[in-house]
Amino acid sequence: MTRGSSRRPERRLASRDGALAAEAVAFLALARLAVLVLPFRWLAPRLGVQRGETPSAVALHPAARRVGWAVAAASQRTPWRTKCLEQAIAAKAMLRLRGIESTLYLGVDREPFVAHAWLRVGDLHVTGGQDVSRYAVVASFAEIGRR
């Protein structure tokens, strides 16, 4: 392999990562706009089957981890709020485009009262997965069979 050809895969990887991060920025913007202007009763049915859950014992699709990375990276660089709810909605939409089933959870912790949202694919927490066991799940929205 020549020196120049050994660099091509690195460029493609960087380009692919950049495209995925740009997609994440766009979906984070749409998620933020949706949270700001749409009543939750309108947004909820579009998040998936209410009170549904996807299986936790499924083979992990490699794109799920990459989407999680892209949303986390992009959310730190947006000039608008991109907290857990926006991140979970954006990642869910990105996974839906890829035909990957996911479950979005909304939970609360009472001491102190804090709300949190996270997204799961199989046993991977794509977004918001830090210490979710402390939250009582109050709603879940599953992407089931929409491939």
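**Aromatic rings and the sheet around them**

Reply: Arg-46 sits over the face of Trp-42, 3.4 Å from the centre of the ring. This, like everything below, is computed from a predicted model.

Which of the two partners is buried, and which is partly exposed? Phe-40 has a relative accessibility of 38% and therefore counts as partly exposed, whereas Phe-141, at 0%, counts as buried.

Trp-118 and Tyr-135 form another pair, this one tilted, at 6.0 Å centre to centre and with 40 degrees between the planes. Trp-118 is in strand 3 and Tyr-135 in the loop between strand 4 and strand 5, so this pair ties together parts 17 residues apart in sequence. Trp-118 and Tyr-135 are both buried. Together with Tyr-105 they make up one aromatic cluster.

Strand 2 and strand 5 are paired in the antiparallel sense over six bridges. On strand 2 (residues 103-110), the pairing with strand 3 (residues 113-121) is also antiparallel and runs over eight bridges. Within it, Asp-109 stands opposite Val-114 in strand 3. A hairpin of two connecting residues joins strand 2 to strand 3. Seven of the eight residues of strand 2 are buried, which means that the rest of the structure largely encloses this strand.

The sheet as a whole is open and antiparallel, with five strands in the order 1-5-2-3-4. Its edges are strand 1 (49-50) and strand 4 (124-127), each of which pairs on one side only. Helix 3 (residues 62-75) packs on the sheet, where it touches strand 3 and strand 4, and its direction makes about 35 degrees with that of strand 4. Helix 4 (residues 84-97) packs on the sheet too, touching strand 2, strand 3, strand 4 and strand 5 (136-142); its direction makes about 15 degrees with that of strand 3.

The nonpolar side chains come next. The largest nonpolar core has 32 residues, and Leu-95, Leu-104 and Val-126 have the most contacts inside it. Helix 1 (3-37), helix 3, helix 4, strand 2, strand 3, strand 4 and strand 5 each give two or more residues to this core. Helix 4 provides the largest share, seven residues.

Beyond four places in sequence, Val-126 touches Ala-64, Val-67, Gly-68, Ala-91, Leu-95, Leu-119, Arg-120 and Val-121.

With residues up to four places away in sequence left out, Gln-87 touches Leu-28, Val-71, Ser-75, Thr-82 and Thr-127.

Notes:
Residues numbered from 1 in each chain as written. Predicted model: local features only at pLDDT ≥ 70, side-chain atom pairs only at ≥ 80, totals over all residues. Heavy atoms only, no water. Pairing = 2+ DSSP bridges. Helix = DSSP H or I, 4+ residues; strand = E, 2+ residues; numbered from the N terminus. Contact = heavy atoms within 4.5 Å. Axes fitted to C-alpha atoms, helices over the stretch in contact; angles between N-to-C directions. Core = buried A, V, L, I, M, F, W, Y, C linked by side-chain atoms within 4.5 Å. Buried < 20%, exposed > 50% of the residue type's maximum accessible area, 1.4 Å probe, protein only. Phe/Tyr/Trp six-rings, centres within 6.5 Å; stacked < 30°, edge-to-face > 60°. Lys NZ or Arg CZ within 6 Å of the ring centre and 35° of its normal.
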